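Colleague: I would like to learn how to read a model of this kind, feature by feature. Could we go through one together?

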Amino acid sequence: MAEPVEEPSNRPSDPWGRIKNLKSKSKRNGSNTWQVVAGSAVLGLVVATGAVLAAGPWDNGQRKAERQLAAAADHTGGAHHGRRLPGAPEPAPSAPAVLGALDTTHARSAPQDRASLRTALAPLIASPALGTQVAASVIDTATGKQLYGRGAATPMTPASTVKIATAAAALSALGPDHRIATTVRLSEDHRTLTLVGGGDPTLTPAALKSLAASAARAVKEADATGVRLTYDTSRYTGPERHPIGKNPNIAPVTALMVDEGRVDDTDRGPATRSEDPAGDAARAFAAQLKKAGTKVTGAPREARAPGKARTVATHHSAPLAALVERTLTNSDNDIAEALARQTAIAKGESADFAGARRAVTTELKKLQVPTAGARLADGSGLDREGRVTPALLTTLLARAADPERPGLRPVLTGLPVAGFTGTLSTRYQDGTDTTGATGRIRAKTGTLSGVNALSGTVVDPQGRLLAFAFLAAGSTAPADAEAALDTLAAALTGPAG
């Protein structure tokens with residue numbers, strides 16, 4: 001059974017919005033202006049410093065340098081606003097340095113070397129809750145140095161942590177700005193419109209409406225009295241059904257679908273899926289054409305667009321970077337399989353499960369990731385025949401953290417945040433988290449029957465960005481296994497305070 005998914009936080013927080021409101025009020029309050037400005041400066045430093053400490057090195061791996069810079073910024077509060085107008089009130093006193101109040105005992109007591117890290121992790125990784133087999137890898141992303149390993153080169157069933165590999169391969173092959181196109185083509189005789197699927201599972205009813213409006217205008221300009229409608233799914237080949245068969249966690253894998261083939265109003269997690277996503281999309285498109293004033297003759301049928309047909313409407317998906325983030329945050333199986341197929345197309349492979357496996361593996365080798373023993377059975381991790389090693393996952397995360405590879409950065413920014421987003425939103429929550437790791441861990445979860453995994457990044461007390469992968473099999477109590485994995489990852493942040 002695939003893991004449940006939660007709503008991601010797709011909107012970056014805007015701490016400055018509150019300050020803007022305060023400033024606008026200050027203009028109306030006259031003499032209170034200096035107080036607002038002083039408060040804004042203090043609040044700004046607090047927010048900036050908090051962001052450095054909590055967010056981690058998601059921009060160019062510079063968290064340690066940023067923390068040092070924030071600590072060095074003494075100019076706090078109202079005493080440093082520059083030239084003061086004659087007769088104006090004295091500035092508010094400076095606030096004390098924010099970082100001076102932070103607990104520094106963690107940095108002194110945290111593991112400093114491999115031996116102490118082994119000592120800290122050994123009793124945790126031996127937890128019976130993790131099942132009969134556990135493999136692990138922890139590395140320093142800046143150096144690639146392995147700090148801890150237990151069967152790091154042992155192939156294990158990755159479950160949804162394989163999405164890290166799928167996402168990295170797609171970004172490497174296509175680039176973060178790539179968009180998947182859905183088009184409408186009009187035949188040379190103006191009698192046939194063809195809706196051509198490009199493989200975008202996130203196509204929406206609103207996008208169909210926009211495509212229909214553009215296509216209707218083209219039909220009208222051609223003075224056509226009506227059209228036949230066909231739909232083209234030839235972008236993908238091979239079986240549409242995932243090897244697990246019919247399952248609420250994934251729709252048939254086809255090049256044309258709307259809202260991932262969901263028949264309800266959900267946009268993540270398990271749901272009833274259409275038996276014919278492409279046909280449903282075409283029928284919905286036909287309805288929109290009619291609303292736009294175009295007469296559609298007969299029912300839509302599947303066929304390739306005529307050779308000399310011209311494109312009259314195009315819709316592009318969100319950039320690949322955004323699709324990757326959504327895939328990882330929500331553990332979205334449909335987008336993951338689409339990313340694997342798009343990688344296959346980019347690498348000249350067949351756009352089916354076998355071609356995607358070959359293409360993703362080839363791209364991982366290009367990234368110089370250890371692929372010995374790996375089998376990328378699918379893009380989503382739903383296939384229990386898939387195998388990866390912990391070392392493969394941690395090496396990929398290190399590649400994504402490399403400042404020289406900015407195109408891979410969405411692999412990190414898409415990882416769920418402990419206690420806040422996606423599949424970690426209900427884990428490490430305040431009130432129940434005894435590790436103190438809420439918000440300090442970003443990781444991809446993986447859950448199948450008897451399989452539990454967690455792989456992601458954490459900043460240790462020395463400011464190092466660590467990549468970790470813990471893969472477990474043979475567990476009988478999923479909740480207990482997840483709690484044990486959470487404790488392992490939290491141990492990398494240093495002792496709970």
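Colleague: Over residues 91-111, what does pLDDT do, and how many contacts beyond four places in sequence does the model have there?

Modeller: First, pLDDT is the predictor's confidence in each residue, from 0 to 100. Over residues 91-111 pLDDT stays under 50, and the model has 43 contacts beyond four places in sequence for them; contact means heavy atoms within 4.5 Å. Residues 4-86 also stay under 50, with 107 such contacts. Where pLDDT is low, the predicted coordinates should not be read in detail. The protein averages 83, and 76% of the residues score at least 70.

Colleague: Which conventions apply to the rest?

Modeller: This is a predicted model, in which local features need pLDDT of at least 70 and side-chain atom pairs count only at pLDDT 80 or more, while totals for chains, interfaces and linings use all residues. Residues are numbered from 1 along each chain as its sequence is written, and side-chain values use heavy atoms, with hydrogens and water left out.

Colleague: How many helices and strands are there in the protein?

Modeller: Helices (H or I, at least four residues) and strands (E, at least two) are DSSP runs, numbered from the N terminus. The protein has 14 helices and ten strands.

Colleague: What span should helix α6 have, at 1.5 Å a residue?

Modeller: The expected span is 1.5 Å times one less than the number of residues. The twelve residues of α6 (residues 163-174) should therefore span 16 Å, and the end C-alpha atoms are 16 Å apart, which agrees. Helix α8 (residues 277-291) has 15 residues and should span 21 Å; its end C-alpha atoms are 21 Å apart, so this agrees as well. Gly175, with a positive phi near 90°, follows α6, and Gly293, with a positive phi near 95°, follows α8.

Colleague: How many of the residues of α6 are buried?

Modeller: Buried means under 20% relative accessible area, exposed over 50%, and partly exposed in between, using a 1.4 Å probe and protein chains only. In α6, nine of the twelve residues are buried, among them Ile164, Ala167, Ala168 and Leu171. In α8 the buried residues include Phe285 and Leu289; β3 (181-186), β4 (192-196) and α7 (205-221) are among the elements that cover the buried residues of α8. Over the protein, buried residues make up 51% of the 497 residues.

Colleague: Which residues touch the most other members of the largest nonpolar core?

Modeller: In soluble globular proteins, nonpolar side chains tend to be buried together. A nonpolar core is a set of buried Ala, Val, Leu, Ile, Met, Phe, Trp, Tyr and Cys residues joined through side-chain atoms within 4.5 Å. The largest has 45 residues, of which Leu364, Leu392, Leu396 and Val411 touch the most other members. Apart from it lies another core, of 28 residues, including Leu147 and Leu454.

Colleague: Which rings does Arg341 lie over?

Modeller: A charge sits over a ring if NZ of Lys or CZ of Arg is within 6 Å of the ring centre and within 35 degrees of the ring normal. Arg341 lies over the face of Tyr236, at 5.3 Å from the ring centre, and over the face of Phe353, at 4.6 Å.

Colleague: Where is Ala453 found, and is it buried or exposed?

Modeller: Ala453 is in strand β9 (residues 451-459) and is buried, with a relative accessible area of 2%. The C-alpha atoms of Ala453 and Leu471 are 4.5 Å apart, although the two are 18 residues apart along the chain.
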